[in-house]
Each structure stands twice: as C-alpha cells, then as structure tokens.
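Please review the following briefing on helix packing, salt bridges, surface features and backbone geometry.

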Amino acid sequence: MLLIFQAMDAAGKDGTIKHVMSGVNPQGCQVFSFKSPSAQDLNHDYLWRCMTSLPERGRIGIFNRSYYEETLVVRVHREILDRQRLPQELVTKNIWKDRYKDIRHFERYLARNGVVIRKFFLHVSRKEQRKRFLERLQTPEKNWKFSTNDIKEREFWDDYMQAYEELIRATATRHAPWYVVPADNKWFTRVIVGAAIVGALASLGLTYPEVGPEKLKALAAAKKALLGEK
C-alpha cells in the first residue's frame with residue numbers, strides 16, 4: 001500500500017501520519033519525506049527518487065510529499081524547472097499536462113502490479129495556517145518547526161491553490177483516488193484519514209495464513225512436549 005500526503009505548510013501532515021499509524025507495527029511501515037532534490041536526484045528523471053522508495057510487497061509506504069511537488073512548487077517557482085536540465089524543446093506550455101499524464105500512467109502501472117494507492121490533500125485554510133505559524137513562533141519548544149521560508153511561500157497561496165485544484169482534477173482516478181480532507185481541526189483530519197486507510201485495508205480481504213495438516217501435527221507435537229515438561 002502507498003499512502004501519499006500533500007499539503008501546505010503547517011497543515012498537519014507529520015502529526016496525522018504519527019497519530020493514524022501509531023497502532024501499526026513499525027516493521028511493516030516506511031515513511032519517506034521528500035525535500036528539495038539533491039544533485040543526484042537532479043541527474044535523473046523527476047519520478048526517480050520516489051520510485052526508489054516504493055514499498056515492498058506486504059508493507060505500507062508513506063510519502064510525506066511526493067512526485068506531486070513537481071506540479072506544485074516547480075510550477076509556482078518556474079525557475080526550479082531550469083535546474084532539471086530538460087531538453088528545451090520539452091519545456092512547453094503543456095508541460096504540466098504532460099506531467100499529469102505521466103503520473104496517471106505511473107500510478108496505473110503501480111496498481112496493475114498490486115500496489116493500493118490512497119492520496120490525501122490536507123486542506124488547511126490560510127487563516128488556520130497563520131494561527132499555527134504564530135503558535136510555533138510564540139512557543140519556544142516549537143520554534144524549530146518554523147522556517148522563514150514558510151512566510152515567503154505563504155505569499156504564493158493563490159498560486160498553490162490553483163495548482164492543487166488542477167492536479168487533483170487531473171490525477172484523481174478509480175485506482176488512485178484523492179481525498180481532500182479539511183485540516184483546520186486536527187482530530188477530524190485524523191478520523192477521515194484513518195477511516196480511508198482502514199477501508200482500503202478491509203477491501204483487500206486480508207487473513208492470517210492457513211496452517212496445513214503437516215504443520216498442525218508439528219504444533220500438536222510441540223504442545224505435547226511443552227506440557228510434558230517437569
């Protein structure tokens with residue numbers, strides 16, 4: 001299973017992941033947080049670094065931000081696109097539509113290989129974001145969470161909202177649905193996300209492995225040996 005979380009800053013991605021997944025055995029869960037791409041990342045296609053972090057069979061993989069940043073922050077800050085060293089003839093006015101198409105095909109490929117995908121956009125309001133930023137500034141224990149870049153990005157709020165609306169419309173599919181989750185109330189956000197994940201797991205019809213006759217004989221012998229100990 002692949003769970004993708006996208007949101008504006010301070011929407012509660014980290015807290016939601018921590019809270020909702022708190023009852024899951026950590027051996028079966030992996031969390032990857034994608035920040036600014038490294039030099040190595042930029043030497044590959046934009047999907048590469050996320051491909052290398054896909055969950056193995058039997059595990060839940062969580063992307064805290066993802067390849068969708070390539071149609072969000074890269075779109076809002078067009079200068080970032082220059083650092084990706086794409087052939088100039090490919091950087092057209094349709095580049096975002098092309099990337100939506102790439103992503104749809106990629107997610108379809110994953111689904112055909114047994115990966116269950118659920119995508120969550122935690123939709124915090126601008127007013128609530130301001131409140132949470134001030135809380136981080138006024139609470140010493142939370143100062144580390146605040147970055148001056150957060151304020152700069154806030155100036156592009158409308159651009160991000162437009163980008164989010166377009167990408168969600170373009171990439172919401174039956175096999176990789178988007179959940180637009182109101183994020184002003186953290187408890188409500190976590191309930192919705194948790195319910196969606198539980199529903200996805202329930203749809204898989206998972207059961208414990210069946211024990212065959214030979215194994216049952218071995219278990220009976222082991223039980224008899226333990227009971228016979230003095």
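Helix α10 has 17 residues and spans 24 Å from its first C-alpha to its last, close to the 24 Å expected at 1.5 Å a residue; the expected span of a helix is 1.5 Å times one less than its number of residues. This is a predicted model, in which local features need pLDDT of at least 70 and side-chain atom pairs count only at pLDDT 80 or more, while totals for chains, interfaces and linings use all residues. Residues are numbered from 1 along each chain as its sequence is written, and side-chain values use heavy atoms, with hydrogens and water left out. Helices (H or I, at least four residues) and strands (E, at least two) are DSSP runs numbered from the N terminus.

**Helix α10**

- The buried residues of α10 are T189, V193, G194, A196, I197 and A200, where buried means under 20% relative accessible area, exposed over 50%, and partly exposed in between (1.4 Å probe, protein chains only).
- Viewed down the axis of α10, these buried residues fall within an arc of 160 degrees, so they line one face of the helix; the arc is that of the directions from the helix axis to the C-beta atoms.
- An α-helix has 3.6 residues a turn, so residues three or four places apart point the same way.
- The face of α10 turned away from the buried side carries the exposed residues W187, V198 and A202.
- Cover for the buried residues of α10 includes β1 (2–7), α1 (13–20), β4 (117–123) and β5 (178–182), with contact meaning heavy atoms within 4.5 Å.

**Nonpolar surface patch**

- W187, F188 and V191 form a nonpolar patch on the surface, with about 330 Å² of accessible area together.
- Patches are made of residues with over 30% relative accessible area and no salt bridge, like charges being joined within 9 Å and nonpolar side chains (Val, Leu, Ile, Met, Phe, Trp, Tyr) within 5 Å.
- Accessible areas come from the Shrake-Rupley method with a 1.4 Å probe, and for residues only the protein chains shown count as cover.
- V191 is found in helix α10, which covers residues 186–202, and V191 counts as partly exposed because its relative accessibility is 48%.

**Helix α7**

- Helix α7 (residues 126–138) has 13 residues and reaches 18 Å from its first C-alpha to its last, close to the 18 Å expected at 1.5 Å a residue.
- Within α7, the residues E128, Q129, R132, F133 and R136 are buried.
- Seen down the axis of α7, its buried residues lie within an arc of 140 degrees and therefore line one face of the helix.
- On the other side of α7, K127, R130, K131 and Q138 are exposed.
- The buried residues of α7 pack against α8 (148–154), α9 (157–171) and α10.

**Salt bridges**

- A search of the whole structure finds nine salt bridges, each defined as a side-chain nitrogen of Lys or Arg within 4 Å of a carboxyl oxygen of Asp or Glu.
- The side chains of E107 and K119 meet in one of them, at 2.9 Å from N to O.
- This pair links distant parts of the chain, with E107 in helix α6 (residues 95–112) and K119 in strand β4, twelve residues apart.
- E107 counts as buried because its relative accessibility is 0%, and K119 is likewise buried, with a relative accessible area of 0%.
- R49 forms a salt bridge with D41, the closest N and O atoms being 3.8 Å apart, and both R49 and D41 are buried.
- E69 and R65 form a salt bridge whose closest N and O atoms are 3.7 Å apart; both E69 and R65 are buried.
- D9, R65 and E69 are linked in a network of salt bridges.

**Loop residues and backbone geometry**

- Most residues other than glycine have a negative phi, and most peptide bonds are trans.
- A10 has a positive phi, near 70 degrees, in a residue other than glycine.
- A10 lies in the loop between β1 and α1 and counts as buried because its relative accessibility is 9%.
- R85 also has a positive phi, about 50 degrees, although it is not a glycine.
- R85 lies in the loop between α5 (79–82) and α6, and R85 counts as exposed at 57% relative accessibility.
- H44 is found in the loop between α2 (39–42) and α3 (48–51) and is partly exposed, with a relative accessible area of 35%.
- H44 and V73 are 29 residues apart in sequence and 18 Å apart in space, C-alpha to C-alpha.
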